[in-house]
Amino acid sequence: MCCFLIAQSLAVPPGPPRDVLTLVHNSTSILVLWLQPDEAVINGEIVSYKVKYNNSVNQQSLSYATTLDNSTLLLITGLKPYTVYYFTVQAKNSVGFGSDSEPVLNRTSEDSKYKYKYLLIGKQSCYSEDP
C-alpha cells in the first residue's frame, strides 16, 4: 500500500502595514500614509487597506475607512477640531484583513475663521491672513 502526502499551503491574511504616518491636513481631516507589510508576511496580493480611527484610547467609538485599491494613503475627513485621534491600518488580501499596525496618534488643528500661511526665511517667519 502506498501513501501520498498532499501538501496544502494554508492561506493566511497579511501581516500589519509598516511605518504608519499621519499628517494634519486641517481642523477636520488627517492624511494617513503607510508602507505595505514586509514581503515575508504579505501572503499574496494586497487588494485594499482599512484605516481604523477613534478619539478614545479604549476604542469605544471606532470608525473606519477603506481604500478602493492597494494605495497606501487615505485622507480621513469629518473629524472634530483640535481633537486627538488614534489610527491603525490593516492590509487585506484574498483571505481577508490581517492584523493591525502599531497605533499612531495625532491631533487635528484648531478651527479658526482665519487661515495663516507661514513662510520661513532663515531665522525670520512671515505670515499672511486669509479672511
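In the predicted model, Arg18 is partly exposed, with a relative accessible area of 29%. Arg18 forms a salt bridge with Asp38, and the closest N and O atoms of the two side chains are 3.3 Å apart. The pair links distant parts of the chain, since Arg18 belongs to strand 1 (residues 18-26) whereas Asp38 is placed in the loop between strand 2 (29-35) and strand 3 (48-54), 20 residues apart. Asp38 is also partly exposed, at 41% relative accessibility.

The count of salt bridges comes to 2. Lys52 forms a salt bridge with Asp100, with 3.0 Å between the closest N and O atoms. Lys52 lies in strand 3 and Asp100 in the loop between strand 6 (84-92) and strand 7 (104-107), so this pair ties together parts that are 48 residues apart in sequence. Asp100, at 33%, counts as partly exposed. In general, side chains of opposite charge can pair when their charged atoms come close.

Charged side chains also occur over aromatic rings. Lys50 lies over the face of Phe97, at 4.4 Å from the ring centre. The charged end of Arg107 sits over the ring of Tyr82, and its distance from the centre of that ring is 4.5 Å.

Tyr82 is found in the loop between strand 5 (73-76) and strand 6. Asn43 is located in the loop between strand 2 and strand 3. At 34% relative accessibility, Asn43 counts as partly exposed.

Aromatic contacts were examined in turn. The structure holds 3 aromatic pairs. Ring pairs link Tyr53, Tyr85 and Phe87 into a cluster. A pair of aromatic rings is described by the distance of the centres and the angle of the planes.

How values were computed. Residues numbered from 1 in each chain as written. Predicted model: local features only at pLDDT ≥ 70, side-chain atom pairs only at ≥ 80, totals over all residues. Heavy atoms only, no water. Salt bridge = Lys/Arg side-chain N within 4 Å of Asp/Glu carboxyl O. Helix = DSSP H or I, 4+ residues; strand = E, 2+ residues; numbered from the N terminus. Buried < 20%, exposed > 50% of the residue type's maximum accessible area, 1.4 Å probe, protein only. Phe/Tyr/Trp six-rings, centres within 6.5 Å; stacked < 30°, edge-to-face > 60°. Lys NZ or Arg CZ within 6 Å of the ring centre and 35° of its normal.
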